[in-house]
Amino acid sequence: MASFELSSEQKEIYEMAMKFARNEMMPKANEFDESGKMPMDILTKAWELGLVNTCIAPEYGGTGFTTLDSMIITEALAYGCLGMNTTLMANDLALLPIAIAGNDEQKKRFLTPFTESYKMASFCLTEPGNGSDAAGIKTTIREDGDHYILNGQKMWITNAGYADLFVIYCTTDPSLKHKGISCIVLDDKNAEGLEIGAKERKMGHRSSDTRAVTFNNVRIPKENLIGNLGEGWKIAMKTLDHSRPMVAASAVGGAQCALDHAIKYAKERVQFNTVIANHQAIQMMVADMAMKVEAARLLVHKSAWLLDEGMPNTKLASYAKAFSADMCMEVTTDAVQVFGGYGYSNEYPVEKIMRDAKLIQIYEGTSQIQRLVIAKEIFSRS
Ligand code: CAA
């Protein structure tokens, strides 16, 4: 039987994560956005509460959250700060390939340390010349005795300056496109030949750490290969099926936060001798914003529920990602509009959320790529 009601445990998880978002993240969100520094204390506290690395199964020390639980947590953390949430969420993105396709020994070796202390991980797919066309990557992998050797460069890598573990997609032959791609773990941040670039200066998500990562003949033990050579593409696609709903959940959290600020402000701000909440122009906008946030949340929950039920979710994951990212951009832009001139100033929180929203339409597959995936699912794969 269908139910839209969260369980009492899920409500508790949400309340706990929201309390953390309101008390720990929100008061510091602007400060870290301005400084661009890594809010290590806040991130560590989130980890201590069990809100990070939700993809790790209990047998490897994880919390055993369902995919839907992890959406609820992500929405709350993104409500607190989209930038800080990106840092936390990027761990799941990087650890998911191991959780999905790693063997038992690899899961123990790579995942369990993430349950013992707070660490960061990076998912290395995008390259300077290959973003949307992920199958066109050029970073190479070749065998050398007991090791593989990596050469190439990755771009826009979240957490790269702090990561203890890198999950890297590379190819034995770029002309094979997706059929040549492999997935390998580098768990030595001091490896010879590994170069981490300077922190990128970004429009939003400024506290999150984004850098280029270069591999110059980096040697990685063969036992770090996830799956077999040439199986990396399927692992990446399955990972994105899990992670795109999470990104969509973050869009819902950011939009809900902007909406709540707009509602509060509309009830306080007086124009034409009455609070602006009494003007139909504002009521129409706020009604549209609330409707869109709820519609996005339902897509997020369904795309996660499908995974929990063991069903394919590729199309729903892209529905959720595209709809929620675009919704977040619209809702946060409207929130700034409700605030008028004050909304454009960093005296109020909505301008930051609007800047943060933009990235959600870009990372983990642009809104256009999601539509491409949806169209392929409709025309070629159903
Ligand atoms: N699960 C399993 N297999 C899948 C799949 C899925 N979800 N989606 C596609 N495949 C398979 C196809 O069935 C096909 O297999 P066969 O060769 O056996 O037929 C194969 O993969 C190739 O599929 P396509 O023909 O669809 O591949 P394409 O190259 O035309 O397009 C794409 C693929 C969807 C555009 C893909 O390149 C894509 O998703 N691009 C966006 C990249 C992206 O999301 N990057 C995010 C980077 S991470 C990031 O941003 C993180 C951060 O730091 C926060």
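**Exercise 1. The enclosed space**

Determine how the residues of the lining of the largest cavity divide into nonpolar, polar and charged, and describe that cavity in this predicted model.

*Solution.* 

Step 1. Classify the lining. Seven residues of the lining of the largest cavity are nonpolar, five are polar and one is charged.

Step 2. A search of the whole structure returns one cavity of 30 Å³ or more.

Step 3. State the volume. For the largest cavity it is about 60 Å³.

**Exercise 2. The largest pocket**

Describe the volume, lining and contributing elements of the largest pocket, and state which molecule sits there.

*Solution.* 

Step 1. Begin with the volume. The largest pocket holds about 1,500 Å³ of space.

Step 2. Identify the lining. It comprises 47 residues, with Leu125, Ala134, Leu240, Arg244 and Gly365 nearest the centre of the pocket.

Step 3. Assign the lining to elements. Two or more residues come from each of H4, S3, H7 and H11. H7 provides the largest share, namely seven residues.

Step 4. Classify the lining. Of the residues in the lining of the largest pocket, 20 are nonpolar, twelve are polar and 15 are charged.

Step 5. The largest pocket is where the ligand sits.

**Exercise 3. The shell around the ligand**

*Solution.* 

Step 1. Define the shell. The ligand is surrounded by 26 residues, the closest being Thr158, His178, Trp233, Arg244 and Lys376.

Step 2. Assign the shell to elements. Strand S3 (147–158), helix H7 (232–268) and helix H11 (367–379) each contribute at least two residues. With six residues, H7 gives the most to the shell.

Step 3. Classify the shell. Twelve of its residues are nonpolar, seven are polar and seven are charged.

Step 4. List the polar pairs. For Arg244, a polar side-chain atom is 2.7 Å from an oxygen atom of the ligand. For Lys234, an N or O atom of the side chain lies 3.5 Å from a ligand oxygen atom.

Step 5. The ligand taken alone exposes 1,100 Å², of which the protein buries 77%.

Step 6. Connect the shell with the pocket. Arg244 is among the residues closest to the ligand and also among those nearest the centre of the largest pocket.

**Exercise 4. The second largest pocket**

Which element gives the most to the lining of the second largest pocket, and how do the residues of that lining divide?

*Solution.* 

Step 1. State the volume. The second largest pocket contains about 700 Å³ of space.

Step 2. Identify the lining. There are 21 lining residues, and Ser3, Phe4, Leu6, Leu68 and His301 are the closest to the centre.

Step 3. Assign the lining to elements. Helix H1 (8–35), H3 and helix H8 (280–308) are those giving two or more residues. H8 gives the most, with eight residues.

Step 4. Classify the lining. It divides into nine nonpolar, five polar and seven charged residues.

Note on methods:
Residues numbered from 1 in each chain as written. Predicted model: local features only at pLDDT ≥ 70, side-chain atom pairs only at ≥ 80, totals over all residues. Heavy atoms only, no water. 1 Å grid on protein atoms, 1.4 Å probe; cavity = no way out; pocket = protein on both sides within 12 Å on 5 of 7 lines; lining within 4 Å. Points joined across faces, edges and corners; volume = space filled by probe spheres on them. Nonpolar A, V, L, I, M, F, W, Y, C, P; charged D, E, K, R; others polar. Near = heavy atom within 4 Å. Polar contact = N/O pair within 3.5 Å; in protein donor to acceptor, adjacent residues only side chain to side chain. Areas by Shrake-Rupley, 256 points an atom, 1.4 Å probe, with all protein chains shown as cover. Sits in = over half its atoms within 2 Å of the grid points. Helix = DSSP H or I, 4+ residues; strand = E, 2+ residues; numbered from the N terminus.
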